[in-house]
Amino acid sequence: GTASAVCFGGSMAAPMKNTSAPAGLSFNSTSFQKKSRSKLVSIPGTRPSVQNGQLLVSTGVTSLDYVIGGGLAVGTLLLIEEDRYDSYSRMLLKYFLAEGVVCGHELFVASAWDHPDEILQELPAPILDDVASVTSMEDQAQSCDPDNPESMKIAWRYQNLPKVQTALASSARFGHYYDVSKTMDADILQRSKIHMFFLPEEAHSETGALSPMTEAYASLLKSIHGVIHKEGFDGATPQSKVRNIMRLGLHSLGSTLWGDDLCCREKPTHGHALTTFLYALRGLLRSSLTVAMVTIPSHLIQNRAVMGRITRLSDTAIALESFRGSDRETNPLYKDYHGLLHVRQVPHLNCLVCEVPDSKDLAFKLKRKQFTIEVIHFFFQKKNPFFGFSVSFLPLK
Amino acid sequence: PSIVASHERVAFSVPSYFTTNSVHYSGRCLLKSYIRAALKRDEVVHVLGFEVSEEETRGDLDGSCAERLLFHDGYKDPLGWRKSASFTAHQFNSQDLTRILRQTQQPKAPVLVIDSLSWLLRHHDPVAICRSLQELRRGGAVRTIVGLLHSDLHNTSTVDCVSHLATAVVTLAPTSQGPLAVAKTTKRTKSGKVTQDEELFSIQGDLTVTIHRTVSQAGKKQTEQESSEADPTANLTFNLRLSDTEREAKEKVSLPFVFSQEKKSALLHKGQRSGRILYVPDANDDFDQEDPDDDLDV
């Protein structure tokens, strides 16, 4: 007869760790990490990308890092289209800045509405002891008990796998976790060097008749350029200085407070002001060790062509759509989430193919210790007849 | 508590309330009742009036309340054509306003009521108005700014832009029930929390607001109806059902690759352990503990 001997030494179908998934595979089946002995200078808070070797920083939200391809590449611009009341986009900006503080990066915060000090006072406190547990597969291991209604009879090998992979995270401890209910201690904040730009306090400079930019954008650009050059992020200072990254957080560009009537009019008078600014900003970013996050109140912008141009002029672009105030708030489909996240654009950085998330149905939820971004899955409700005249969809967790 | 009387005292920023109304329901009554309530709270109220006259705004106020209501008349000569204006639309900028507001030496910062923002938006760029409001907010000369905006006079983008700046926006609409009207309030806190309320209210003759009822959000939620389970095995020309004995027999069939409990749990929880070999002999196997190589003479 045949002896049934099973040998299992290597990793089989049940993965325990996740890394950024190669395209095409829905489950991560390898914990492979490229070991590169390259001459990449190791800057705290960064790591090389496994796809194309670019230097990445964390956005502060591990799920967001996963969605945009492992992290934010240094020298690129992340555009966030604000939700209606600017609650979650502001939260993401705070996560970004908090991550900068925790990693020891320099910060540059620009705002026209609230003073940057106020934004910095609201940064969430990092959870410095060990990991807030990401929903991982370890949680779902169940004993294979025949009385357990969840245990499967025939497909029992797949018992411990979650039904769908909802949580998106990378395995390496690249990002940190933050507790939203507490604010960051002042002494942690003081350790970082922070530059601020508050529009009402800035002297108005002349742009010259040829520049399509408004005064506000011109002075912001000048200020950013000045800081980058003075602090040596563009390589101006000699090599002896320890390399660091600068994070730019620009709040609510394009709103009326920046002197731009992009949001009020279909045909704005300075139609190219913001686009010129973004073009120049990206040039500055590419030539220095900086990374920028810009939030834009896109729900106020009337002209879709301009919004398209703005998206093209940034590298990574995501949009947040909050359920608050819409009829989706009471929709049972979305009861577990606070809003939808749309990935508008992912950059091709020195490569032909970019890393895109597997699914486009992403929803986010702001929990106290984590900002989770999950894939919404829908499936047929079991009760309804197969040749259904009435079919309802429920999210599958 | 009255819906407009509940304003927060925030240390840094000045809360601003914009009431949007339309031709269907005039928000001016609500504005007047707000002014009255603020005066009763011993606050100084500055009113920039463009649309109604001073007499109408004052109504029948008396005594100390009337003293604390300072009306800046932009109604008689709003653009200064007759050179007899006390306040013109062009004076709506932060420097002039701050000067006007600081004229009265009061211990508390006053409340500024703008009647109406729509009027100002017709004479100024929305960007300039937003900037003036922002400067006023940060200047510290004023504690609360309340503005009336007629939403049907402007395109939605302008209304949205201006509303975006406000801490709270109250949108008014009439109902079919006479004096009652519905007010949708959206409030934004500093921490980013947004609350929305919908209330039915009416204004009495003496300009007090009575809230009748909050329109409950639960009523709007669709109740999920339990659809009756239709049995897919009914009404078929072939039999899909199982009798009890048939079901028992089905359960008893031993499936291939059904392992013993230890083997199953070992496979499932292999985790950190290194490879192990578990051998479970089949029914046909001849499992002999003796080493078959024992009798080899090597």
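Reader: At roughly what angle do the axes of helix H6 and helix H7 of chain A cross?
Author: In this predicted model, H6 of chain A covers residues 273–286 and H7 of chain A covers residues 304–313. Their axes come within 9 Å. The crossing angle is roughly 5 degrees.

Reader: What orientation class does that give H6(A) and H7(A)?
Author: Angles under 35 degrees fall in one class. The crossing here is at roughly 5 degrees. H6(A) is therefore, relative to H7(A), roughly parallel.

Reader: Why is H4(B) classed as it is relative to H6(B)?
Author: H4 of chain B spans residues 94–103, and H6 of chain B spans residues 126–139. Their axes lie 9 Å apart, at an angle of about 40 degrees. That angle makes the pair oblique.

Reader: Is Cys161(B) buried or exposed?
Author: Cys161(B) sits in H7 of chain B, residues 156–165. Buried means under 20% relative accessible area. Cys161(B) has 2% relative accessibility, so Cys161(B) is buried.

Reader: Which residues does Cys161(B) touch, leaving out those up to four places away in sequence?
Author: Pro126(B) is 35 residues away along the chain, with a C-alpha separation of 8.1 Å from Cys161(B). The residues touched are Thr256(A), Cys263(A), Cys264(A) and Leu300(A).

Terms used. Residues numbered from 1 in each chain as written. Chains lettered and ligands numbered in written order. Predicted model: local features only at pLDDT ≥ 70, side-chain atom pairs only at ≥ 80, totals over all residues. Heavy atoms only, no water. Axes fitted to C-alpha atoms, helices over the stretch in contact; angles between N-to-C directions. Helix = DSSP H or I, 4+ residues; strand = E, 2+ residues; numbered from the N terminus. Parallel < 35°, antiparallel > 145°, perpendicular 65-115°, else oblique. Buried < 20%, exposed > 50% of the residue type's maximum accessible area, 1.4 Å probe, protein only. Contact = heavy atoms within 4.5 Å.
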